[in-house]
Amino acid sequence: MPSGQAAARPRSTSSAGRRPGARSRSDRRFFVLAALPAFIVVFLVTIVPLAAALGLSFTSYTSANPVASWAGLRNYRLLFSDPNVPTVLIVTLLFAVAAVLLEALIGTILALLMARKMRGVSVYRVLYLIPLMVAGIAAAVSWKALLDTSAGWVNSILGVFGIPQANWLASPTLALPSVVIADIWTGAPIVAVLVLAALLGMPEDPLEAARIDGASQLQVVRYIILPAIRPVLGFAVIFRTVDVFRQFGLIQILTGGGPGTKTTTLNYYIYQTVFTYGNISYGSTLAVLLIVAMAIPLGLIYLLTRRREI
């Protein structure tokens, strides 16, 4: 009997040694199969349209001439001669920088306030999440009503205090800031939620140690909280940058890209080129330009966030 047990031990050890490898291969196979449907959906929704747009950018396909004949680099040369492209790029840059920076700042401040332990803070958190529950089109219609020149609440309140009323959505100087403010109303809560989750997950020991050492609240935020939440804040900025670059419904409802091209972003210009002027191939070229214009700031934000993490 002892000899039988001794003979059985090596088989038990060798079989146990094979189990982790077999289990890891099985786990990898399971995760690949589980992720495959999502990968296929992402491929069909993003990669295929991107490849189609890239291919159409080398053709002369229009609604009047629905034949994709080869055009080479003609559409890309047209980018440099189109007088609207520089203006549209500047508007897109101003809109993205103003909206994303203010949303990050306001969202972070609100998250810091909502992370404090005070009475009724849960109610404030729920109330501030209301903009996230409102559909983007409904929010745009609401802001259009608020900023209406004759019947809007904003001008009515300004009139009570004797302040001159403004034509918010038709003024060349006020139209873009008005769109930025409307975008902040829906974008800042997204940043606040992400940053608040990071703040609530922070350990209390570093904060308590800093307060015991006599650090002020501003020093705690600057040297402890902000470095700790920087990865999450970087993700929030990247998320909002992508959303701002592809913003369409808000601009369509508030200003329609006007007055002139004062609020015409690159994404909205693509819509005008394809659906108003029917130039599908040139619209595809503008879509490629949008991807490049969006990839540059996203890459810079990612590299900046990664370096600071290290």
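**Entry 1: the whole chain.** I noted to begin with that this is a predicted model. I then went through the secondary structure and found 13 helices and 0 strands in the protein chain. Written out along the sequence, the pattern is α-α-α-α-α-α-α-α-α-α-α-α-α.

**Entry 2: overall dimensions.** I looked up the radius of gyration, and the protein chain has 27 Å, whereas a compact globule of 310 residues would have one near 19 Å. The box filled by the C-alpha atoms, taken along the principal axes, is roughly 100 × 65 × 35 Å.

**Entry 3: inside and surface.** I checked burial next: 33% of the 310 residues are buried.

**Entry 4: charges.** I looked up 24 positive and 11 negative charges, and their mean positions lie 13 Å apart.

Entry 5: How many aromatic pairs does the structure hold? I found 9 of them. I picked out phenylalanine 58 and tryptophan 70, whose ring centres are 5.8 Å apart with the planes at 10 degrees, so this pair is stacked. Phenylalanine 58 and tryptophan 70 both lie in the loop between helix 1 (2-56) and helix 2 (74-81), so the pair ties together parts 12 residues apart in sequence.

**Entry 6: another ring pair.** I moved on to phenylalanine 248 and tyrosine 268, which form a stacked aromatic pair with 5.5 Å from centre to centre and 25 degrees between the planes. This pair links distant parts of the chain, 20 residues apart: phenylalanine 248 sits in the loop between helix 10 (217-245) and helix 11 (249-254), and tyrosine 268 sits in helix 12 (residues 266-276). I looked up their accessibility too: phenylalanine 248 is partly exposed, with a relative accessible area of 28%, while tyrosine 268 counts as buried at 4%.

**Entry 7: a ring cluster.** Which residues do ring pairs link into a cluster? I wrote down Phe248, Tyr268, Tyr271 and Phe275.

Conventions
Residues numbered from 1 in each chain as written. Predicted model: local features only at pLDDT ≥ 70, side-chain atom pairs only at ≥ 80, totals over all residues. Heavy atoms only, no water. Phe/Tyr/Trp six-rings, centres within 6.5 Å; stacked < 30°, edge-to-face > 60°. Helix = DSSP H or I, 4+ residues; strand = E, 2+ residues; numbered from the N terminus. Buried < 20%, exposed > 50% of the residue type's maximum accessible area, 1.4 Å probe, protein only. Rg over C-alpha atoms; globule rule 2.2 N^0.38 Å. Lys, Arg positive; Asp, Glu negative; His and termini not counted. Charge placed at Lys NZ, Arg CZ, Asp CG, Glu CD.
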